[in-house]
Amino acid sequence: ALRSLKCLHLAATVLWCGGSIAAMLLTYTVGLTSNIENVLHMYLIRPGIWALIATGVIYTVCTNFSYKQRWVRTKWIVTFATALSGVIIASAPLADAIKLCLMALLIIISVCHLPKNKVRQNSI
């Protein structure tokens with residue numbers, strides 16, 4: 001069950017980050033129309049954010065990753081800051097730059113705190 005939850009969490013991250021990056025790229029390369037922007041937000045970004053938050057809450061409650069750990073709290077703060085950066089900041093280029101920096105920070109936090117898997121070495 002936790003593997004399925006982790007897969008859903010990662011899929012939600014890909015929807016959110018992929019949709020956001022696609023919207024940014026389309027905005028600065030070909031000029032994003034409001035129709036395409038609405039489709040990206042309706043089918044990728046918003047469902048990704050909500051699924052990410054829902055699976056994150058379930059994952060935090062059901063595993064040993066609790067809110068007591070500093071990196072989990074930091075990840076929540078950065079996630080909400082990233083989600084709200086486009087809403088709060090009016091200038092699109094500034095909001096996009098901040099969103100990219102915060103997404104990079106989320107990736108760094110996630111990678112730095114991955115559980116260390118012990119590699120088994122088979123004896124010949």
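Predicted model: local features only at pLDDT ≥ 70, side-chain atom pairs only at ≥ 80, totals over all residues.
Biologist: Why is Leu 105 called partly exposed?

Modeller: The relative accessibility of Leu 105 is 37%. Buried means under 20% relative accessible area, exposed means over 50%, and partly exposed lies in between (1.4 Å probe, protein chains only). Leu 105 is therefore partly exposed, since 37% falls in that middle range.

Biologist: What makes Val 72 buried?

Modeller: Its relative accessibility is 5%, and Val 72 therefore counts as buried, because 5% is under the cut-off given above. Val 72 has its place in helix α3. Its C-alpha is separated by 9.1 Å from that of Ser 110, 38 residues apart along the chain.

Biologist: How many helices and strands does the protein chain have?

Modeller: It has four helices and zero strands, in the pattern α-α-α-α along the sequence. Helices (H or I, at least four residues) and strands (E, at least two) are DSSP runs, numbered from the N terminus.

Biologist: How do you know that the span of α1 is close to the expected one?

Modeller: The expected span of a helix is 1.5 Å times one less than its number of residues. α1 has 28 residues and reaches 40 Å from first C-alpha to last, close to the expected 40 Å. After α1 comes Gly 31, with a positive phi near 80 degrees. The buried residues of α1 include Leu 5, His 9 and Trp 16.

Biologist: What makes a group of residues a nonpolar core?

Modeller: The members are buried Ala, Val, Leu, Ile, Met, Phe, Trp, Tyr and Cys residues, joined through side-chain atoms within 4.5 Å. The largest such core has 15 residues, of which Trp 16, Ile 49 and Val 78 touch the most other members. α1 (2–29), α2 (34–62), α3 (70–88) and α4 (92–112) each supply at least two residues of this core. Leaving aside residues up to four places away in sequence, Ile 49 touches Trp 16 and Ala 83 (contact means heavy atoms within 4.5 Å). In soluble globular proteins, nonpolar side chains tend to be buried together.

Biologist: Why is Leu 25 called exposed?

Modeller: Leu 25 lies in helix α1 and has a relative accessible area of 53%. That value is over the limit for exposed, so Leu 25 is exposed.

Methods: Residues numbered from 1 in each chain as written. Heavy atoms only, no water.
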